[in-house]
Structures are given as structure tokens and as C-alpha cells.
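Student: I have a model open and would like to go through its architecture. Could we take it piece by piece?

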Amino acid sequence: MTDRPPFPDEGNRSLQRGLRVLEYIWRNARDGVRVAQIMRACALERATVYRLLGTLLAAGYAARRGRYLYVPGPSIRRMLDDAPVHDLALRLDPLLRRISDISGDTAFAVVREGTQSRCIARRIGSFPIQVLAVEVGRRQPLGVGAAGLALLASLPRDEAAAIIASNAAALGGYGGMSPKRLAMLLEATRQRGWSVVGNHVATDTLAVGVAIAAADRDVLAAISVAAPLSRMGAERQLFLVRTMHEALAQLLPEGV
């Protein structure tokens, strides 16, 4: 018997051909490519190229430029745009794990995207009741959650005020949040140095958050811990803030 690799089935062959076409389109992204060029470069029949292009177009991995040219599509651009965020999420995951292991509660990492916050990582704790209202990938107005509020407080006052005004119409959908209340929470966060907010993303819950700076001191993200309201008295809030700061000092002493 020989150790020959198994003969690829039709699905594998189609995938390999599609990837060859996608790679060729990517390598010629500036000028775009025609069907005839793809046929020659990938050694494929015209009908096969059109079938593969149809799949890539439908999935957003290819796009038309004019009538004849094909270029990388929006799905490729989104993947490239998300690469730094994915890297940041990987770097923050050990931090969230440490915090959730110590606290028993769910820890979150959030970044700013314009006037919104986006959850990029989450670690669930061991306490029987967990607050899981915010899933990885969820976006919401900056400031309605504890991590987003910590991010908002790190911004210049005029920029933060403009964000609150921009999100004014959407705030009411978060537990009765309003521009006036968010401005009050924002000022309290600036004075305190960390955020605390409850009952706006999920009822009967409360969360505390702190911003995370990079080595150049620019704030890139924020982390938070959320738990049932009955579990979040003043002393425990301080304990969680200390836990987050200590974990940051130990695991990311130079920032992210």
C-alpha cells in the first residue's frame, strides 16, 4: 500500500478552485480582472469561472467594477478591517479570564466604533446566575453599558457631548436611558475614575467598568464586569474595580 492522499471529492475540488479564483482577484485588486484572465491564470473553463464568480459575488467576496472587471468585495474588506480588533480580543482574553475566575461573574471587553460600542470578547464566570445580555459582536450606543461609559468618559468633553446628542433618539430603548441621565453618569464616571451603570442593558443588573490605554496612553478599549443587582453592593463594586486594575497591572503592565 502507498501513502497517497485521498482523492478530493467534488466539493473539495470546487472549494480549491474558488480559493484560486479569489486569490487571483485579490492579487490583482488594483486593476481588477476579466473572466478571460481568470480562465488563463487558474486553468479553468469559462462556465466554471462564471459559476465560481457567482458564488463569490453572492457572498460578498468579489464585486464587479464596471461591466467586465472583478475586484475584491466588501466581505474581504470587512475581514481586513476586523483583523486589528480580532488581535486585540485575543490579547484581552487572558485578562477577562483572570477577572471572571476571581469574581465569578461575566467580564466583557468593548471597543469604540464611531458613536457605538462593540463587544469584542466575553468570559463567563462560575456564579450560578450570569449576566449575558451583551454578546460578542453586539453594538449599542456608547455609554449605555459600563465599558462603553468608561470609553465615553475617556474622550474630550465636546466629543462625548456630540456622541450623546447623536445617539439621543436611540437611548430610550435602553431601560429608559436619556441624554440627561447619560450626561450625569458620564460626569460621575469622570470624577470617580471608573464607571458604574445598571438596569439599562438588562434589568436587575449592574456593571462596573474601566478604560484600557495603549502604551502611548491612547484609550483603545474598556473592560467591565456585570452581575445581578443584589450581588453588586458598594463594597463589591470597589472589589471588582481593584480586581480589574490588578489584573491589568499584572497581565498588561504596558497597556494594550
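Student: What are the helix and strand percentages of residues 12–74, and how far apart do the end C-alpha atoms lie?
Tutor: This is a predicted model, in which local features need pLDDT of at least 70, side-chain atom pairs count only at pLDDT 80 or more, and totals for chains, interfaces and linings use all residues. Residues are numbered from 1 along each chain as its sequence is written, and side-chain values use heavy atoms, with hydrogens and water left out. Helices (H or I, at least four residues) and strands (E, at least two) are DSSP runs, numbered from the N terminus. Residues 12–74 are 62% helix and 13% strand, and their end C-alpha atoms lie 25 Å apart.

Student: Which feature does UniProt place at residues 12–74?
Tutor: UniProt positions are given in the numbering used here, feature names are shortened, and annotations may be inferred rather than shown by experiment. The entry is unreviewed, and the feature it gives is "domain: HTH iclR-type".

Student: What distance separates the centres of domain 1 and domain 2?
Tutor: The bounds come from an automatic or database domain assignment. The chain is divided into domain 1 (13–72) and domain 2 (79–251). Taken over C-alpha atoms, the separation of the two centres is 42 Å.

Student: What is the strand order in the open sheet of 6 strands?
Tutor: Two strands pair if DSSP finds at least two bridges between them. E5 (139–141) and E6 (195–198) are the edge strands, each pairing on one side only. The pairing is antiparallel, and the order is E5-E4-E3-E8-E7-E6.

Student: Which residue in the hairpin of E3 and E4 takes a positive phi?
Tutor: Strands E3 (residues 106–113) and E4 (residues 116–123) run antiparallel and are joined by 7 bridges; Val110 has Cys119 as its bridge partner in E4. The hairpin has 2 residues between the strands, and the positive phi, near 65°, belongs to Gly114.

Student: At what angle do H4 and H9 pack, and how far apart are their axes?
Tutor: Axes are lines fitted to C-alpha atoms, for helices over the stretch in contact (heavy atoms within 4.5 Å), and angles run from 0 to 180 degrees between N-to-C directions. Residues of H4 that meet H9 include Leu95 and Ile99, and those on the H9 side include Phe239 and Leu240. H4 (residues 74–103) packs with H9 at about 145°, and the axes are 10 Å apart.

Student: Which strands does helix H9 lie across?
Tutor: H9 covers residues 234–251 and runs at about 25° to E7. The strands it lies across are E6, E7 and E8.
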